[in-house]
Amino acid sequence: MADLMIEVPQHFCHGSFYKKGTMIAIRQDTSPADLTVPFLADILYLKNYSKLYPPEQVDIYIPMMLKQWRSIKELLAVKFEKRQLEGAEEQMKYGIAFAIQWIHWMNGKTVDLGNIGHFDEWKIHPVNSTERIQFILIRPVLYHSFVQLCELIGELEKQYFKMLAVKGKSK
């Protein structure tokens with residue numbers, strides 16, 4: 001049973017994630033870092049249900065989300081290996097939403113799906129991230145999309161730890 005029903009803001013509406021007017025049900029114990037509700041931390045912040053600015057919470061959210069991603073990745077690896085792709089598209093959606101959030105947050109921004117075409121112009125991003133994300137969004141159940149997503153998240157992880165190391169040295 002949901003404790004809260006929230007309408008998804010317009011700039012999260014994208015054919016791969018939400019349609020205009022979509023309502024999401026949130027339980028009180030749901031973590032803003034829950035990957036099964038794409039962009040939840042940003043939605044809660046932008047709808048004023050949370051005062052925590054997601055880009056300032058990366059030290060909390062990213063490790064939690066990365067742990068969830070690793071479980072999803074294992075599940076997807078089995079699905080692709082056995083060519084039993086039922087449910088794979090939804091799991092891939094969680095992974096790609098995670099990557100999109102991660103790129104936004106490392107650049108100090110909340111998620112705006114209108115920015116997907118501009119990632120390569122930002123300071124922190126994996127090589128060819130715009131093209132790779134668009135490829136994955138168009139063909140989420142291709143094995144190559146899964147490989148690309150895994151590589152993309154692996155590169156984001158390296159950039160995240162580099163960012164932490166630089167931040168630690170500057171203190």
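Colleague: Hi! Is the crossing of helix 2 and helix 3 left-handed or right-handed?

Modeller: Left-handed, meaning the near helix is turned anticlockwise from the far one by less than a right angle; clockwise would be right-handed. Bear in mind that this is a predicted model: local features need pLDDT of at least 70, side-chain atom pairs count only at pLDDT 80 or more, and totals for chains, interfaces and linings use all residues. Residues are numbered from 1 along each chain as its sequence is written, and side-chain values use heavy atoms, without hydrogens and water.

Colleague: Thanks! At what angle do helix 2 and helix 3 pack?

Modeller: About 150°, with the axes 10 Å apart, for residues 58-82 against residues 88-106. Axes are lines fitted to C-alpha atoms over the stretch in contact, and angles run from 0 to 180 degrees between N-to-C directions. So helix 2 is roughly antiparallel to helix 3, the word for angles over 145 degrees.

Colleague: Which residues make the contact?

Modeller: Taking contact as heavy atoms within 4.5 Å, helix 2 brings residues including W69 and F80, and helix 3 brings F98 and W102, among others.

Colleague: How do the residues of that contact divide?

Modeller: Into 16 nonpolar, three polar and one charged. Here Ala, Val, Leu, Ile, Met, Phe, Trp, Tyr, Cys and Pro count as nonpolar, Asp, Glu, Lys and Arg as charged, and the others, Gly among them, as polar.

Colleague: Switching topic, in what order do the elements run?

Modeller: From the N terminus, β-β-α-α-α-α-α. These are DSSP runs: helices are H or I with at least four residues, strands E with at least two.

Colleague: And how much of the chain is buried?

Modeller: Buried residues, those under 20% relative accessible area with a 1.4 Å probe and protein chains only, are 44% of the 171.

Methods: Angles under 35 degrees count as roughly parallel, over 145 as roughly antiparallel, 65 to 115 as roughly perpendicular and the rest as oblique. Buried means under 20% relative accessible area, exposed over 50%, partly exposed in between (1.4 Å probe, protein chains only).
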